[in-house]
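Have the picture open and follow along.

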Amino acid sequence: MRCFTLMAGLYVHIPFCKTRCAYCGFYSTTMFELSSNYVDAVCAELELRKDFFCNHRGVINTIYIGGGTPSVLTVSQLKKLTSAIWEYCRYVNNGVGEEGGIREFTVECNPEDVSTDFVAQLRAMGVNRISMGVRPLMTRNSTS
């Protein structure tokens, strides 16, 4: 009998957005005053569930922070979140550190939030991929 290790991805939903888009079906809110408590709750949840994948022979190889718009979090909130995610993944992946075991770490960003400094900070957090969505290119009142 062969024992297989399952490959898994970790998705963390960040529900905060600057505005609510009419076309978006994902849960989101503009109540930024909740963001610190939300990040704390996600970090606590990761700690509570760290044995889940270990008990199911899972190995996390992709991480995706989506939303909403994760790039609206402060840099310190993103650092806290990514640190908790790395700690969780090292535990789940049997001590495999950053880079080893994780093939892709993506953060969804609004193009307006991205700067050279922001990208450098994300990279320092271990992020190696950014996903940017394009919002409508024309407003309803635009004329062609």
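Start with Glu45, which is partly exposed at 35% relative accessibility. Keep in mind that you're looking at a predicted model, not an experimental one. Who does the side chain of Glu45 meet in a salt bridge? It's Arg49, and the distance from N to O is 2.4 Å. Arg49 is partly exposed as well, with a relative accessible area of 48%.

Another one joins the side chains of Lys18 and Asp113, at 2.7 Å from N to O. This pair links distant parts of the chain, as the two residues are 95 residues apart. Lys18 sits in the loop between strand E1 (6–14) and H1, while Asp113 sits in the loop between strand E3 (104–109) and helix H4 (116–124). Are these two buried or exposed? Lys18 is partly exposed, at 43% relative accessible area, whereas Asp113 is buried, at 16%.

Then there's the bridge between the side chains of Glu104 and Arg129, 3.8 Å from N to O. Glu104 belongs to strand E3 and Arg129 to strand E4 (residues 129–132), so this pair ties together parts that are 25 residues apart in sequence. Glu104 is partly exposed at 31% relative accessibility, and Arg129 is partly exposed at 36%.

| Salt bridge | Distance, N to O |
|---|---|
| Arg49 and Glu45 | 2.4 Å |
| Lys18 and Asp113 | 2.7 Å |
| Glu104 and Arg129 | 3.8 Å |

**Two helices side by side**

Now find helix H1 (residues 35–48) and helix H3 (residues 75–92). How do their axes cross? They come within 9 Å and cross at roughly 5°. Angles under 35 degrees count as roughly parallel, which means that H1 is roughly parallel to H3.

Which residues make the contact? On the H1 side you'll find Ser35, Ser36, Val39, Asp40, Val42, Cys43, Leu46 and Glu47. They meet Gln77, Lys80, Leu81, Ala84, Ile85, Glu87 and Tyr88 in H3. Sorted by class, the contact of H1 with H3 has eight nonpolar, three polar and four charged residues.

**Rings that pair up**

The structure also has four aromatic pairs. In one of them, the ring centres of Trp86 and Phe105 are 5.5 Å apart and the planes are at 55°, so the pair is tilted. Trp86 is in helix H3 and Phe105 in strand E3, so the pair ties together parts that are 19 residues apart in sequence. Both partners are tucked away: Trp86 is buried at 4% relative accessibility, and Phe105 is buried at 0%. Elsewhere, ring pairs link Phe16, Phe32 and Tyr38 into a cluster.

**A look at Ile14**

Finish at Ile14, which has its place in strand E1. Why does Ile14 count as buried? Its relative accessibility is 0%, and buried means under 20%. What is in contact with Ile14, leaving aside its neighbours within four places in sequence? The list is Tyr38, Ile65, Gly66, Gly67, Gly68, Thr69, Pro70, Leu73 and Leu81.

Terms used: Residues are numbered from 1 along each chain as its sequence is written. This is a predicted model: local features need pLDDT of at least 70, side-chain atom pairs count only at pLDDT 80 or more; totals for chains, interfaces and linings use all residues. Side-chain values use heavy atoms; hydrogens and water are left out. Axes are lines fitted to C-alpha atoms, for helices over the stretch in contact, and angles run from 0 to 180 degrees between N-to-C directions. Helices (H or I, at least four residues) and strands (E, at least two) are DSSP runs, numbered from the N terminus. Angles under 35 degrees count as roughly parallel, over 145 as roughly antiparallel, 65 to 115 as roughly perpendicular and the rest as oblique. Contact means heavy atoms within 4.5 Å. Ala, Val, Leu, Ile, Met, Phe, Trp, Tyr, Cys and Pro count as nonpolar, Asp, Glu, Lys and Arg as charged, and the others, Gly among them, as polar. A salt bridge is a side-chain nitrogen of Lys or Arg within 4 Å of a carboxyl oxygen of Asp or Glu. Buried means under 20% relative accessible area, exposed over 50%, partly exposed in between (1.4 Å probe, protein chains only). Rings of Phe, Tyr and Trp (its six-membered ring) pair if their centres lie within 6.5 Å; planes under 30 degrees apart count as stacked, over 60 as edge-to-face and the rest as tilted.
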